[in-house]
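This briefing is for a reader who meets the structure here for the first time. Please look over the sequence and the model before going on to the notes.

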Amino acid sequence: MYHVNLKRGGDELAFITLPVFAALCATWLSGMNFPEQNNIWHIPIVLNFGNSAEGPHDFYDKSFGNFVSVFWLVIRLVATEKNLQQVFISIQLAGNAFLSVVMYLFMRLITKAPAASSVVAAGFCFCYGLWGLTRLGYSEIFVTYATHSQFAIIFCLLSLWLLVRNRPLQSGILFGIAAATNLCMMAWSALACGLYLVAVAG
């Protein structure tokens, strides 16, 4: 098993640039959509419709205070009606870029060749374009809209990466963050990590 050499951070950063660039390009190619799908529920939370002076103050909008990811409460701190679209597009771009870095980190667990890791991670960024052709092309990975699930995936994968590198404390902390972001996603990832621990223990 290989890992990122922190002492050569400058060299690793150069190789990470390719998948990040690929993630941004893939995002632009697949489309920048706002609002889309689950955003219709995210927007009332981010703009705090239920507790705003203007409203609406109906039961439906107020119910969002009981069912919400902590992720959107953080976004609420910077989002306004004027910058809402820019914030959501930035979330989409950042999520895809960070996910490409995680892909690179996992590839570096397998091989000590950073160039090959960089190319493979960059290739993963375009998997959403395979939608309809393969199951790999339809998931919450590299989606075409801003969603907290994308970041939950990042946190969960990083937790597994840290676990593989024998850093259980840091892994547990990220699992906690993932749970606050998307509890269901964390539960499935915890199962995967549990199976990994059973495998290495045996």
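This is a predicted model: local features need pLDDT of at least 70, side-chain atom pairs count only at pLDDT 80 or more; totals for chains, interfaces and linings use all residues.

Residues are numbered from 1 along each chain as its sequence is written, and side-chain values use heavy atoms, with hydrogens and water left out.

**The chain as a whole**

- The chain has nine helices and zero strands, where helices (H or I, at least four residues) and strands (E, at least two) are DSSP runs numbered from the N terminus.
- Read from the N terminus, the order of elements is α-α-α-α-α-α-α-α-α.
- Of the 202 residues in the chain, 43% are buried; buried means under 20% relative accessible area, exposed over 50%, and partly exposed in between (1.4 Å probe, protein chains only).
- The accessible surface of the chain is about 11,300 Å², and carbon and sulfur atoms hold 69% of that surface; the areas come from the Shrake-Rupley method with a 1.4 Å probe, and for residues only the protein chains shown count as cover.
- Among contacts in the chain with a separation of 6 or more, 66% join residues 24 or more positions apart, a contact being heavy atoms within 4.5 Å.

**Helices α7 and α8**

- Helix α7 covers residues 148-164 and helix α8 residues 168-181; their axes come within 8 Å and cross at roughly 165°. This makes α7 roughly antiparallel to α8.
- Axes here are lines fitted to C-alpha atoms, for helices over the stretch in contact, and angles run from 0 to 180 degrees between N-to-C directions.
- Angles under 35 degrees count as roughly parallel, over 145 as roughly antiparallel, 65 to 115 as roughly perpendicular and the rest as oblique.
- The crossing of α7 and α8 is left-handed, a term used if the near helix is turned anticlockwise from the far one by less than a right angle, with clockwise giving right-handed.
- On the α7 side the contact includes H148, F155 and L162, and on the α8 side it includes P168, L174 and T181. The residues of this contact are 11 nonpolar, five polar and no charged.
- Ala, Val, Leu, Ile, Met, Phe, Trp, Tyr, Cys and Pro count as nonpolar, Asp, Glu, Lys and Arg as charged, and the others, Gly among them, as polar.

**Helices α5 and α7**

- The axes of α5 and α7 come within 10 Å of each other and cross at roughly 20°, so the two helices are roughly parallel.
- The crossing of α5 and α7 is also left-handed. Residues in the contact include I91, F98 and L109 of α5, and F151, L158 and W161 of α7.
- By class, the contact of α5 with α7 holds 16 nonpolar, three polar and no charged residues.

**Single residues**

- S171 sits in helix α8 and is buried, at 2% relative accessible area. Apart from neighbours within four places in sequence, S171 contacts S159, L162 and L163.
- N166 is in the loop between α7 and α8 and is exposed, with 63% relative accessibility. N166 is not a glycine, yet has a positive phi of about 60°. Most residues other than glycine have a negative phi.
- T80 belongs to the loop between α4 (70-76) and α5 (84-110) and is partly exposed at 38% relative accessibility. T80 and V46 are 34 residues apart in sequence, with 8.2 Å from C-alpha to C-alpha.
- T17 is part of helix α1 (residues 9-30) and is partly exposed, with a relative accessible area of 47%. T17 and A122 lie 105 residues apart along the chain, and their C-alpha atoms are separated by 9.4 Å.
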